[in-house]
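Please look through the sequence and the model before reading on.

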Amino acid sequence: MISKINEAVAFIQSKYSETPVVGIVLGSGLGSFTSEIKIEQEIHYSEIPHFPVSTVEGHSGKLILGELSGKKVVAMAGRFHYYEGYAAQDIVFPIRVMKYLGISTLLLSNAAGGVNRSYKVGDIMIIKDHISQFTPNPLIGKNEKEFGPRFPDMSEAYNKKLIAKAKEIAKAKGIDVKEGVYLAVTGPTFETHAEYRMVEALGGDAVGMSTVQEVIIANHMKVPCFAMSVITDVGIRDDDNVITHEEVLEAAKQAEPKLSHLFKELVASL
Ligand code: HPA
């Protein structure tokens, strides 16, 4: 595993000599945030040794290196999901690569279903905690001590200081943000009504198909994380609600300016 990471890192460094300090993972329909980055290099995943290749619509599948709010950043436009058929270890490979490129903060976004009954389509939820017990843990298997401990602490999976800063930034700009628990499922099916109610009963405020495995890997390597969900549908609410991927992408696109502002200012504050 380490030698594969080193090969991927060496390849990226052969194309880009700066050290990114922030890693960014963009979710479904949220990839146009990359237009905020002063792009210095773009590398398609297919070119990078050992990188998986993204297949889902709405994910363009490239690594973007450049400057955002005066900081060097590395952004993934398109991430890998368990429902695409990758092993959990492959999904998180890029997160380890970003750490070895030099990042000391990881920002993530995703599209998620609203479960908390006060949420509306287009809301932004800062993830304060997660439930990952429905998707395979990417740390199952031999522990690589170089990355972190066998039994990693997850008591502050989402960094409290970053959450506090993001809330300040949102308040200053008049952006309404929720704060809640993200529960991860495998997908690719959206939830049945009974499943939405299960997520609610378990304490999830939003439900989605990504993020938690990446956050586990970042925590294993002691990289502080900050993540936001865009609420793209509210299936919990009414029994006739049909959810489509197109609707999810459209709602994510609508919310993107708010999310962009929060990410940009958060990076500026680091
Ligand atoms: N469920 C799971 N994942 C999702 C949803 C949802 O309702 N919306 C966007 N991603």
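## Terms and ground rules

Helices (H or I, at least four residues) and strands (E, at least two) are DSSP runs, and they are numbered from the N terminus. This is a predicted model, in which local features need pLDDT of at least 70 and side-chain atom pairs count only at pLDDT 80 or more, while totals for chains, interfaces and linings use all residues. Residues are numbered from 1 along each chain as its sequence is written, and side-chain values use heavy atoms, with hydrogens and water left out.

## The ligand and its surroundings

Which strand gives the largest share of the shell around the ligand? That share, 3 residues, comes from strand 5. Strand 5 (105–114), strand 8 (206–208) and strand 9 (225–233) each supply at least two residues of this shell. A residue is near a molecule or strand if one of its heavy atoms lies within 4 Å of it, and the residues that surround the ligand include Ala 111, Ala 112, Gly 113, Phe 190, Tyr 196, Gly 208 and Asp 233.

Tyr 196 has a polar side-chain atom that lies 2.8 Å from an oxygen atom of the ligand. Taken alone the ligand exposes 260 Å², of which the protein buries 96% (accessible areas come from the Shrake-Rupley method with a 1.4 Å probe, and for residues only the protein chains shown count as cover).

## A cluster of aromatic rings

Rings of Phe, Tyr and Trp (its six-membered ring) pair if their centres lie within 6.5 Å; planes under 30 degrees apart count as stacked, over 60 as edge-to-face and the rest as tilted. By this rule the count comes to 8 aromatic pairs. One of them joins Tyr 45 and Phe 51, whose ring centres are 5.2 Å apart with planes at 40°, so the pair is tilted. The rings of Tyr 45 and Phe 80 also form a tilted pair, because their centres are 5.2 Å apart and their planes stand at 45°. This pair links distant parts of the chain, 35 residues apart, since Tyr 45 is in the loop between strand 2 (38–44) and strand 3 (62–68) and Phe 80 is in the loop between strand 4 (71–77) and helix 2 (88–91).

Ring pairs link Tyr 45, Phe 51, Phe 80, Tyr 86 and Phe 93 into a cluster. Tyr 45 counts as buried at 1% relative accessibility, Phe 51 is buried with a relative accessible area of 8%, and Phe 80 is buried with 2%.

## An enclosed helix

Helix 6 (residues 212–220) is largely enclosed by the rest of the structure, because 9 of its 9 residues are buried. Among them are Val 212, Glu 214, Ile 216 and His 220. In the loop between strand 8 and helix 6 lies Thr 211, which has a positive phi of about 75° although it is not a glycine. Thr 211 is buried, with a relative accessible area of 2%. Helix 6 is followed by Lys 222, whose phi is positive, near 60°.

## Features of other loops

Ser 69, in the loop between strand 3 and strand 4, has a phi near 50°, a positive value in a residue other than glycine. At 32% relative accessibility, Ser 69 counts as partly exposed. Pro 188 has its place in the loop between strand 7 (177–184) and helix 5 (193–202), and the peptide bond from Gly 187 to Pro 188 is cis, with omega near 5°.

Thr 135, in the loop between strand 6 (124–131) and helix 4 (160–173), counts as buried at 10% relative accessibility, and its side chain reaches the backbone oxygen of Ser 132 at 3.4 Å.

Definitions and conventions: Buried < 20%, exposed > 50% of the residue type's maximum accessible area, 1.4 Å probe, protein only. Polar contact = N/O pair within 3.5 Å; in protein donor to acceptor, adjacent residues only side chain to side chain.
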